[in-house]
Amino acid sequence: MSKCTDQRNLSWWQLSFIGVGCIIGTGYFLGSAIPIQRAGFSVLIAYLIAGIGTWMVFQALAKLTAEHPEKGSFRTYAKKAFGPWAGFSNGWVYWSAEMLIMGSQLTALALFAQFWFPGIPLWIFTAGFAGLGLVIILLGVKKVEQMENLFGLMKAAAIVMFILVGVAALFGWLGGGESSREQYSPIQGMLPLEGKGLWLALLFAFYGFGGIEVMGLMAKELKDPKDAPKSGNIMLVTLTFLYVVSFYLVLKLVPIEALNPNESPFLTALKQYDLPWVPHVFNSILIIAGFSTMVASLYAVTTMLVTLAEEGDAPHIFAKKGRWSIPLPAFGLTIFVVFVSIIVAMILPERLFEYVTTAAGLMLLYTWIFILASFLKLMSKTAWNLIQSIIALFLIVFAISGTLFDHVSRIGFYVSIGFIILIAAAAFFKRKKS
């Protein structure tokens, strides 16, 4: 998942294009190895289901935006629907999700760099990318945000490049890779792990669509906010198509047991062929694109904390700004969070990306549950709205429950529950104090 820059006077097709760039991130480029391993060919079904569920959530958010264009988007809607505690909780749940996503992106960047320098410890790369990102924020992150469209185009170009090379490999036009390119029947690997593979993969499939809530924040910049649902339709159809085609090619080109959660499945597929420059170009694009989203996440974590403080949902000190209008206390907390991410990278290097990605995906889905609940409360409850929201809620809860049946994902689930308990306790004491 990634972040985007603010735009002015957007047309619906521009928001669609930006949305593709916003959503494609490390959850797709690296995190997709996890659901492919767990689900085999049924990962294609998982991403189709996640695409449908995401579409339903986005429709709810887009309709809310069309009727009530608000600066705070989903957080403001939660506050309107259920009171101050909901706005407080939703804001901190999303801040926590962004924090975990930032950690996930830092880890992914370090893993991409290890493709070239496998002997260097993960935490050194994590510290290097984090330090550079923090420096860029101090120098002026808005300049980086203005380039987000370019980075989004690079991400889409990387997927198209992989699809073209993958199709050529599938037809035997490339040298190399013969030992790995067994022609598996889709039926063969459709329901691995006694049928639980699809269930376990759903959370990561939903995580691959993370970013629609950012489109909700941007929808108020549309020339006509009522075009938001149409924008989401085009974006999600395009994205689902790219995901399914690219994953199908991975499954046809690489044995599932050859995939590694700590390496992009696309790099695993590409590096076996006699195209020595292609994996390196692809990895360079992954690092550039991933770094841009990581910097944006650092910025989002800092600015969201400032917003929470300004509205009384965080200690007021975090709203204070020093020289050059930099919110130094909020920036200091961001540095602390980054430092914790580096320490975690040193302690848990083996399974770090899976733990953090699972927790980040879960926190994001908790935000989506807030969006659906706010939609049902604030908008007219037509039969179709009710059915659509219930189906989306069922799919999200089903995806969340799947983490309980996998020993690695289960740890991420416990981490997310820990965050929820802390936020609930803080909301309770804040309400009591008020």
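A: The model is predicted, and a search of the whole structure finds 27 aromatic pairs in it. One of them is formed by Tyr28 and Tyr243, whose rings lie 4.7 Å centre to centre with 10 degrees between the planes, and because planes under 30 degrees apart count as stacked, this pair is a stacked one. The pair links distant parts of the chain, since Tyr28 belongs to helix α2 (residues 26-29) while Tyr243 belongs to helix α11 (residues 228-253), 215 residues apart. Tyr28 and Tyr243 are both buried, and they are members of one aromatic cluster that also includes Phe29, Tyr47, Phe162, Phe209, Phe247, Phe266 and Phe282.

Buried residues can also be followed along helix α5 (residues 74-82), where they are Phe74, Arg75, Tyr77, Ala78 and Ala81. These residues lie on the same side of α5, because they cover an arc of only 160 degrees around the axis. After α5 comes Gly83, which has a positive phi, near 105 degrees.

As for confidence, the protein has an average pLDDT of 81, and 85% of the residues score at least 70. Confidence is highest in helix α16 (residues 383-402), at a mean of 92, and lowest in helix α10 (residues 212-218), at 70. Over residues 179-184 pLDDT stays under 50, although the model has 18 contacts for them beyond four places in sequence. Where pLDDT is low, the predicted coordinates should not be read in detail.

Conventions. Residues are numbered from 1 along each chain as its sequence is written. This is a predicted model: local features need pLDDT of at least 70, side-chain atom pairs count only at pLDDT 80 or more; totals for chains, interfaces and linings use all residues. Side-chain values use heavy atoms; hydrogens and water are left out. Rings of Phe, Tyr and Trp (its six-membered ring) pair if their centres lie within 6.5 Å; planes under 30 degrees apart count as stacked, over 60 as edge-to-face and the rest as tilted. Helices (H or I, at least four residues) and strands (E, at least two) are DSSP runs, numbered from the N terminus. Buried means under 20% relative accessible area, exposed over 50%, partly exposed in between (1.4 Å probe, protein chains only). pLDDT is the predictor's confidence in each residue, from 0 to 100. Contact means heavy atoms within 4.5 Å. The arc is that of the directions from the helix axis to the C-beta atoms.
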